[in-house]
Amino acid sequence: MKYKDLTRTNVGRSTVCAIDDFQVPVNVGVGARLASGSATFNIEYTLDNLDDIQYWYVAPNFSALTATTGGEITIPCKAICINITSGTGTIVATVVQAGPA
């Protein structure tokens, strides 16, 4: 199992959490919480190689969030991040990918 916390304060993208896209099935749990302030944010994923990320996509059910939420990403992807799109505050997301360590 892979586990990582991501944190972002104010507008912009967090660092990324690399996903093992060879795990079948893909099953990534994400719990995102508004730790402080008032911000609108997305949880996003990319299909690009990590050394040349150009495109991010909003994960299903993780768009324009303003409060603590949780869910899963089952789309094969390379990485996940937090993107605060407006407001000020801190978002903390815990990412857990099922599978071998």
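Biologist: In which strand does Gly87 lie?

Modeller: Gly87 lies in strand β7; strands are DSSP runs of E with at least two residues, helices are runs of H or I with at least four, and both are numbered from the N terminus. The model is predicted, so local features need pLDDT of at least 70, side-chain atom pairs count only at pLDDT 80 or more, and totals for chains, interfaces and linings use all residues.

Biologist: What pattern does the protein chain follow along the sequence?

Modeller: The pattern is β-β-β-β-β-β-β, with seven strands and zero helices.

Biologist: Why is Gly87 called partly exposed?

Modeller: Buried means under 20% relative accessible area and exposed means over 50%, with partly exposed in between (1.4 Å probe, protein chains only). Gly87 has 38%, and therefore counts as partly exposed.

Biologist: Which residues does Gly87 touch, not counting those up to four places away in sequence?

Modeller: Gly87 touches Asn10, Val11, Ser38 and Ala39, where contact means heavy atoms within 4.5 Å. For Val11, which is 76 residues apart from Gly87 in sequence, the C-alpha to C-alpha distance is 6.9 Å.

Biologist: What makes the radius of gyration of the protein chain agree with that of a compact globule?

Modeller: The radius is taken over C-alpha atoms, and the globule rule is 2.2 Å times the number of residues to the power 0.38. For 101 residues a compact globule would be near 13 Å, and the chain has 13 Å, so the two agree. Along its principal axes, the C-alpha trace spans about 35 × 25 × 20 Å.

Biologist: How many residues has the largest nonpolar core, and what makes a set of residues such a core?

Modeller: A nonpolar core is a set of buried Ala, Val, Leu, Ile, Met, Phe, Trp, Tyr and Cys residues joined through side-chain atoms within 4.5 Å. The largest has 22 residues, and those with the most contacts inside it are Val28, Phe41, Ile43, Ile73, Ile80 and Ile82. Strands β4 (28-46) and β7 (79-97) are the elements that give two or more residues to this core, and the largest share, seven residues, comes from β4. Beyond four places in sequence, Val28 is in contact with residues including Ile19, Ile73, Ile80 and Val95. In soluble globular proteins, nonpolar side chains tend to be buried together.

Biologist: Why is Tyr45 called buried?

Modeller: Its relative accessible area is 11%, so Tyr45 falls in the buried class. This residue belongs to strand β4, and its contacts beyond four places in sequence include Trp56, Pro60, Ile75, Cys77 and Ile80.

Biologist: How do you know that Ser14 is buried, and where is this residue found?

Modeller: Ser14 has a relative accessible area of 10%, and therefore counts as buried. Ser14 is found in the loop between β2 (12-13) and β3 (17-18). Neighbours within four places aside, Ser14 is in contact with Leu6, Thr7, Arg8, Cys81 and Ile82.

Biologist: What is the phi of Asn10, and what is the phi of Asn61?

Modeller: Asn10 has a positive phi of about 70° although it is not a glycine, and Asn61 likewise has a positive phi of about 70°. Most residues other than glycine have a negative phi, and most peptide bonds are trans.

Biologist: What is omega for the peptide bond that joins Val24 and Pro25?

Modeller: Omega is about -5°, and the bond is cis. Pro25 is placed in the loop between β3 and β4.

Biologist: Why is Thr94 called partly exposed?

Modeller: With a relative accessible area of 25%, Thr94 is therefore partly exposed. Thr94 is found in strand β7, and its contacts beyond four places in sequence are Tyr3, Lys4, Asp5, Gly29, Val30 and Gly31. The C-alpha atoms of Thr94 and Gly29, 65 residues apart along the chain, are separated by 8.0 Å.

Notes:
Residues are numbered from 1 along each chain as its sequence is written. Side-chain values use heavy atoms; hydrogens and water are left out.
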